[in-house]
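Work through each task before you turn to its solution.

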Amino acid sequence: MQTTWKPHEKHGKLTERSDLPDTVFACPKQRKEPMTDANHVRDAIARFDQTIDVSDEDRELAFANIKKAAQYYGVHMSESEWTELGRRPRTGRTAADRSESARKAAATWKEREENR
């Protein structure tokens, strides 16, 4: 698969995500997982199975882009195929867990507002 990733190293002011070209993203169509340095490449690898609303074709492109960026930044990857990183999100959290977290967060925000 032909990659779309290209290095982007802008010096000076902090670059806003909206200023980044599509070519720095693992998933350029969805503009997900920017890879502008080695740490961002590691994040893209770690979050690969957490990305939602991405087709298998997009995952294949994302994996090719991650491999190219990893090679450029000197990040070791042991995976040779995108399926080794995952097809479906596996965060270990159920829908009930996420709902409970959201309920607690809402209660915390409400409490903070009341204490202002």
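**Exercise 1.** How many residues does the largest nonpolar core have, and which of them have the most contacts inside it?

*Solution.* This is a predicted model, in which local features need pLDDT of at least 70 and side-chain atom pairs count only at pLDDT 80 or more, while totals for chains, interfaces and linings use all residues. Residues are numbered from 1 along each chain as its sequence is written, and side-chain values use heavy atoms, with hydrogens and water left out.

Begin with the term itself: a nonpolar core is a set of buried Ala, Val, Leu, Ile, Met, Phe, Trp, Tyr and Cys residues joined through side-chain atoms within 4.5 Å, where buried means under 20% relative accessible area, exposed over 50% and partly exposed in between (1.4 Å probe, protein chains only). The largest such core has 20 residues, and those with the most contacts inside it are Met-35, Val-41, Ile-45, Phe-48, Ile-66 and Val-75.

**Exercise 2.** Determine which residues of helix 1 are buried, and how they are arranged around its axis.

*Solution.* The buried residues in helix 1 are Ala-38, Val-41, Ala-44 and Ile-45. Because they cover an arc of only 115° around the axis (taken from the directions from the helix axis to the C-beta atoms), they lie on the same side of helix 1. What covers these buried residues includes strand 2 (32-34) and helix 2. For Ile-45, contacts (heavy atoms within 4.5 Å), not counting residues up to four places away in sequence, are made with Ile-66, Val-75, Met-77 and Leu-85.

**Exercise 3.** Is Gly-74 buried or exposed, and where is it found?

*Solution.* Gly-74 is found in the loop between helix 2 (56-73) and helix 3 (95-114). Its relative accessibility is 62%, and therefore Gly-74 counts as exposed. Gly-74 and Val-41 are 33 residues apart in sequence, and their C-alpha atoms are 9.8 Å apart in space.

Key: Helix = DSSP H or I, 4+ residues; strand = E, 2+ residues; numbered from the N terminus.
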